[in-house]
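Subject: A structure for you to look at

Hello,

Here is the structure I promised to pass on to you. Please open it next to this email and follow along as you read.

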Amino acid sequence: MQRQLELHDIQGNVTRAYGRYRFPLGRYFFLHIGDAKAGRQFVDDIRHRVTTAARWKEGERPDVTLNIGFTFFGLYALGLPTRTLRAMPPEFIDGMKARAHVLGDRSVDLVEDSDGSWCAHWDPIWRENRHRDPGKDVHAWISMNAQAKPGSDQPVDALEQQTEWLRDRCNQTAGGVTILAANGASGDAEFQSGKALFVTLPDGTKVPTAREHFGFTDGIGDPVYDGQYPDDDMRRRVVGRGKFMDHETGWQPIAAGEFVLGYPDEAQELTPMAVPFSFARNGSFMVYRKLHQNVGSFRDVVAEDAKIFARVMGVDEAEAEVTLKAKIVGRWPDGVPLAKQPTFAEWQAFRAERGFDDPDPLKAAEAQYAYLKSSEPSDFRYADDIPGYKCPNGAHLRRSNPRDYLDPLNQPDAPNPNATTQLNKRRRILRRGLPYGDAGLGEGDDATEQGVIFMAIGTSLFRQFEFVQQQWLEYGLDFNLGNDTCPLLGDHSTHKRHVIPSDPNSGKPPFVMGNLRTFVETRGGDYFFLPSMTALRMIAMGSTDPT
C-alpha cells in the first residue's frame with residue numbers, strides 16, 4: 001500500500017516535471033519585495049493561481065501552470081518570525097552565491113574580491129543578488145509552464161495573458177513587489193525563458209523533443225517516490241527510477257520524505273524543518289541554476305579526439321565522434337544507456353530493431369517516444385560493470401546517479417549480482433527545468449546564449465544537491481578517479497582528463513581524453529523554499545507562528 005500524500009497541499013512542480021507533461025515552454029520571473037504588507041497581499045492573490053500536485057482528470061490539464069518559491073531573504077521580507085527563519089537550513093540561509101566554493105562555481109583558493117569580480121560572467125540579476133544593493137535582491141521565483149499551439153513552437157495565448165496579470169498585479173503594489181527585469185546575459189529581460197528544442201517534420205509541423213543543446217536526450221532517470229503516482233502508474237515508473245532492494249523485492253519507490261517535508265525519509269526520520277510543523281509540511285527546497293553550454297568547445301574537443309580514437313580503434317570518424325560523446329555522457333544521444341547497449345554496433349542494431357530509423361519520420365518519432373516513456377531507458381545497474389568497460393566510471397550519468405556501484409560488497413574485479421542502491425538512495429534529486437536559447441541541436445558556439453535552466457528539488461539541499469555536485473561531479477574519489485571532474489559538467493580549468501576503460505578481451509587499449517575544456521558554466525541562481533498551499537495561506541495572513 002502506497003503512502004497517501006496530501007497532493008492538494010503540495011505544489012505541482014514537486015510531483016511533475018512539466019516538460020514531460022507537454023508543457024515545452026516556460027517563463028521564470030524573479031521578484032523583489034520592498035514592503036511586507038504589500039508582499040503578503042500579493043501572496044494572497046497569487047496563491048489562488050498556484051498549480052498543485054492534485055492529479056488531473058481527463059480534460060483538466062491547464063494551458064499554463066504557475067508555481068512560486070522564496071529565498072531566505074524573501075521570507076524575511078515577508079515578515080516571517082525569527083523563530084521560523086532561524087530554523088531554516090544553514091545552506092538555504094547562505095544562498096547559492098555564498099556556497100559557490102562548495103559547488104565548484106568559484107575556486108576554493110580565492111577569496112571573494114570586494115567588487116565580486118569572481119562572478120563577472122554571471123547574468124546581472126544573479127551577479128547583483130546578495131551583493132551591495134539590497135533593492136536588487138531576488139526574493140521570489142515564479143514559474144509559468146505553457147503548452148504549445150498545435151504544430152507550433154509558440155506558446156498558447158494563455159501564457160501571455162497570465163504574464164500580463166502578473167505585471168498588473170505587481171504594478172498595483174506601487175513598488176511593494178517588483179519584477180526584476182535583469183535577466184539574460186544583457187541584463188534587460190523581464191523573465192528567463194525556457195524552451196524545449198523543437199524539430200520540424202516534413203509537413204512543417206513543429207514538435208518538441210527531449211534533447212538539450214549538446215544533442216542528448218535529457219530528463220530520463222528522474223527518481224520516483226512513494227505516493228507520487230497512482231498504483232497502476234507506479235508499477236511501471238518505479239523500475240530503474242526507485243531504489244533497488246534485492247532480487248526478490250525488486251525496485252521500490254523512494255521514501256516520500258526525501259522530496260516532501262513532513263514525511264519519513266530513507267532514514268525513517270523527518271528531515272529537520274522550520275517551525276511550526278504545519279508551515280514546513282508539504283513544502284520542499286529547490287535549487288535554481290542557469291547553466292550555459294559551450295557547444296562550440298564540446299563540438300571541437302570531441303571532433304579532435306575522435307580523429308585519434310578512430311585511428312586507434314579502427315573505426316570511421318563519425319562513429320568515433322558519437323561513441324566519445326556517449327562515453328562522456330553515459331547514454332547514446334537517443335537516450336539508450338551504454339549499460340545496456342555498450343558498443344556502437346549493438347546500439348545501431350537496437351535502433352533498427354525498435355524502428356528509430358524508420359524512413360517515415362513520424363513513425364520513427366513515435367517509436368522513440370514509446371521507448372522513452374517505458375521503463376527500459378532506466379532499468380539498468382552498474383554492479384555488473386565495476387571496471388567501467390560498458391559505461392566509464394567517470395561518465396556523467398554514472399556520477400550523478402551511481403545506482404548500485406557504491407554497494408560496499410562490490411569487488412573491483414568481479415560483478416556483484418546482489419548489489420543494491422542503499423548507499424545512493426539518499427542522494428537523489430528531482431530534476432526540473434527546460435533548455436533555453438534559440439539555437440538548434442549542436443548549433444552555435446561558446447558565445448551563443450544557450451543552455452539549460454536546471455532546477456533540483458529535495459528536502460535537504462546539503463545532503464542531496466550539494467553532495468552530488470561537490471563529491472561526485474567536481475571530485476572523483478568515489479569512482480577511483482582522484483581529482484578528475486565530471487567530463488560533462490565539471491570544471492576543467494585544472495583537471496582535463498576523462499578515462500575510457502577498455503575490456504582487455506577486446507584487444508583495444510584504454511582511451512584518455514586529456515584536453516577537456518569546461519563545457520558547462522554557471523550563470524547564476526539561488527536556493528528557494530517551495531511552500532505548501534497551507535504555508536502560502538499562513539504567509540498571506542501574516543500568522544505563520546500562531547504562538
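Let's begin with a question: does C119 count as buried or exposed, and at what relative accessibility? C119 counts as buried, because its relative accessibility is 1%, and the cut-off for buried is under 20%. Please keep in mind that this is a predicted model.

Staying with cysteines, C486 is buried too, at 0% relative accessibility. For a disulfide, the two sulfur atoms would have to be within 2.5 Å. Searching the whole structure turns up zero disulfides.

Next, have a look at strand 10, which covers residues 284-293. How many of its residues are buried? The count is 10 of the 10, so the strand is largely enclosed by the rest of the structure. In a regular strand, side chains alternate between the two faces of the sheet.

If you look for K290, you will find it opposite I453 in strand 12.

R99 sits in the loop between helix 4 (90-94) and helix 5 (100-103). Its relative accessible area is 13%, so R99 is buried. Leaving aside residues up to four places away in sequence, R99 touches E91, D94, F462, E466 and Y527.

T271 lies in the loop between strand 9 (251-252) and helix 9 (277-280). T271 is buried as well, because its relative accessible area is 9%. Which side chain makes a polar contact with the side chain of T271? That is the side chain of D265, at 3.3 Å. Apart from residues up to four places away in sequence, the residues that T271 touches are G257, L261, D265, T459 and R463.

Enjoy exploring, and write back with any questions.

Best wishes

Methods:
Residues are numbered from 1 along each chain as its sequence is written. This is a predicted model: local features need pLDDT of at least 70, side-chain atom pairs count only at pLDDT 80 or more; totals for chains, interfaces and linings use all residues. Side-chain values use heavy atoms; hydrogens and water are left out. Helices (H or I, at least four residues) and strands (E, at least two) are DSSP runs, numbered from the N terminus. Buried means under 20% relative accessible area, exposed over 50%, partly exposed in between (1.4 Å probe, protein chains only). Contact means heavy atoms within 4.5 Å. A polar contact is a pair of N or O atoms within 3.5 Å; within protein, one must be able to donate a hydrogen and the other to accept it, and residues adjacent in sequence count only if both atoms are side-chain atoms. Two strands pair if DSSP finds at least two bridges between them.
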